[in-house]
Amino acid sequence: MRSPHLLAVALVVLAMSPCLAQPSSAIAGEDWGTAWFPEWQLYLRVPPDWRLDCPLPASEARLISPQGTEIAIRLWIGTQEVSAEEAAQEYEQTLGAEARGAHPSEQALVSAGGLRGLWFTVEGDPGERPLLAYVVYTAGTKRVALAVRGIKGHETAARQRLEATAASLRLGVVSAPLTTAPSVETPPSGETTPPTTTPSLPPPPPAGVPVSPPVPLPATNRVVMAGFLLTVPEGWRTSLERGTLWVEKPGEPIGYFLWPARAGEEETGPADLPARWAAEAGLELDLRSPAVQQGNIFFGLGNLTRGVPVAAAIYAWAEREVALVMGVYAPPAAWDQTAQTAKWLGETRTLGWRPAEPPPVETPQIWVDPSGEISLRLPAQWKAQGEVRQYNRRPVIAITARGGDMEFAWYHPFTPAFRDFTPILQAMGETEGSRYREADGEDYLRILGWRSPPQFVEYLLAQPFERLREACVERSVASKEVAALLPGEEGLHEGAVVWVKGTREGRPREVVYLVATASLPLRDGAFRWQAAFCSLEYPPGKQVEALPVLRALATGAQVEHPRSAIGLQLAPLVRALPGAVSEVAVALGATRSPTSLLGAGYEPAAAERPPRWSVAEGLDQWRALLALPEVQKRLASGGLD
């Protein structure tokens, strides 16, 4: 892509684009908006009448004009600092063939925030909306790219929009906590330093002074906060309180809210969710007869007390592992404003959420098993033992490691495998626990009836080699990710996170097990099954410290010879372990009733960490609900009588 005659190419580009670092005079006087994304720490100017869309993944956004011109914005973070040219090479990998006609400019760019970057003009793209140009900036380990795709015949105008938007870009650090998201601001003329604090909000009006609704409607901006992309009217406050995200007009109880939740172990219908939300939010809610209640959605009208009593329209949705409660509210005298507020709420998009990453644990030691097939990264002062060995012509992992007051075990799969205790074996006088062999040259099986993961842990606790005493299963949470420790194309296949309590040498101990049980393929014989598990034992009360250690051990496992015959068999076992371990955090957050995904233990998803939970479908159903005439009538005209 990079021509050896770079200088000659650059001169042509400079002649076509005389100003790359500042907005052209043709658009400098237009009424541009601005946007500030707290979670990206990104600030830029938005062309007039353009809308901002932020689909998955969370590291991407798009500015789209009414005519269809599009500026794509991408933010990614590397492991080390690189030059703008090296960052451009990374970005070009995502563009693929589109970047073949790109020519770099020799003139370095400097944005309003002092970021240095490179400009590339693209020629020869035959598409309907061809890629015309892109800009790449670097700031430490962060990389930012903006690319414009335009309509044929309007290439020059599209590049000018990109120039102005790219020149305005700034990256800063928000010193305010996430519980108060910054609103959008317009920088004073000549300002060149990025904002480092939350833009100030106007003080609320004095008590007793009436506030009239704005006419015309206020301008709006798109703000990323707590896993949502929100439409926020200028001057409105955003806040996160007790698991609920609020967007509210200052000085008046008018606004909207969202409460995304992880479903509880007990089944909760959508009609029951508003009361559950109000209890967690610490609010009083009095719902009247619902306007809509069908399937997995609920829509009702009533009264809500948020400091002062207000009228409210409440929507609830539930589906499998997630739930959503959201709504609009206003004083009865200002109820006509909720029609517009509901539309702003309908523009919300979600990035989704994942379990929060535990803090990293340093693993400076590398231990290789005696067979030389597998290695572990160990925390300081830890010791490991065990090996990879053969069982029925397949490699199996049997490793333990110990450090301080914690002990790790990994048996994948556990051996021996099992022969189900069928009626035929019972009639033959066999008993559970005895050996079973079907063919010469085959390692023996253990006769044992099928066990679910919690039942298999109980089996382990009863074995003579188990050193834990007075042990019992306290709790278990089923998990498909843990089941993936073993293949399960045929027959039974289960997985679970299981917690155990007991004593060792008179001291109380706790153990978390990740256990999978699955039928063996029929090619290995009928009525056979196997189990696999890893576990971490720790003192009571140290569950928070144990989880990062378990994650570090799981992610630090590596196959030493991945191209060998044994390495190819071991690779699926090693790859499955981190995903199973991540389920411990998921299981820890499981509760009997729905709980907010905006609380401790959860974080917004990102490009490199896709969502585990999403309420996108619930938001879609809200937009469909807004199209119903009955709902429109209630929100547009009616009050709640």
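## Elements and conventions

Helices (H or I, at least four residues) and strands (E, at least two) are DSSP runs that are numbered from the N terminus. This is a predicted model, in which local features need pLDDT of at least 70 and side-chain atom pairs count only at pLDDT 80 or more, while totals for chains, interfaces and linings use all residues. Residues are numbered from 1 along each chain as its sequence is written, and side-chain values use heavy atoms, with hydrogens and water left out.

## Backbone in two loops

Most residues other than glycine have a negative phi, and most peptide bonds are trans. R242, in the loop between β15 (237-241) and β16 (244-248), has a positive phi, near 50°, although this residue is not a glycine.

The loop between β29 (406-412) and β30 (418-419) holds P413, and P416 also has its place in the loop between β29 and β30. H412 is joined to P413 by a cis peptide bond with an omega of about -10°, and T415 is joined to P416 by a cis peptide bond with an omega of about 0°.

## The helices α10 and α11

Helix α10 (residues 543-555) and helix α11 (residues 565-588) have axes that come within 8 Å and cross at roughly 165°, where axes are lines fitted to C-alpha atoms, for helices over the stretch in contact, and angles run from 0 to 180 degrees between N-to-C directions. That angle makes α10 roughly antiparallel to α11, since angles under 35 degrees count as roughly parallel, over 145 as roughly antiparallel, 65 to 115 as roughly perpendicular and the rest as oblique.

The contact (heavy atoms within 4.5 Å) is made by Q543, L547, L550, R551, A554 and T555 of α10 and by L577, P578, V581, V584, A585 and L588 of α11.

A cavity is a set of points, on a 1 Å grid over the protein atoms alone, where a 1.4 Å probe fits but cannot get out, and its lining residues have an atom within 4 Å of a point. Grid points are joined across faces, edges and corners, and a volume is the space filled by probe spheres set on the points. By this rule there is 1 cavity of 30 Å³ or more, and the largest cavity has a volume of about 50 Å³.

The lining of the largest cavity consists of W499, V512, L536, Y538, Q543, A546, L547, L550 and V584. Helix α10 gives the largest share of this lining, 4 residues.

Conventions:
On a 1 Å grid over the protein atoms alone, a cavity is a set of points where a 1.4 Å probe fits but cannot get out, and a pocket is an open set with protein on both sides within 12 Å along at least five of seven lines; lining residues have an atom within 4 Å of a point.
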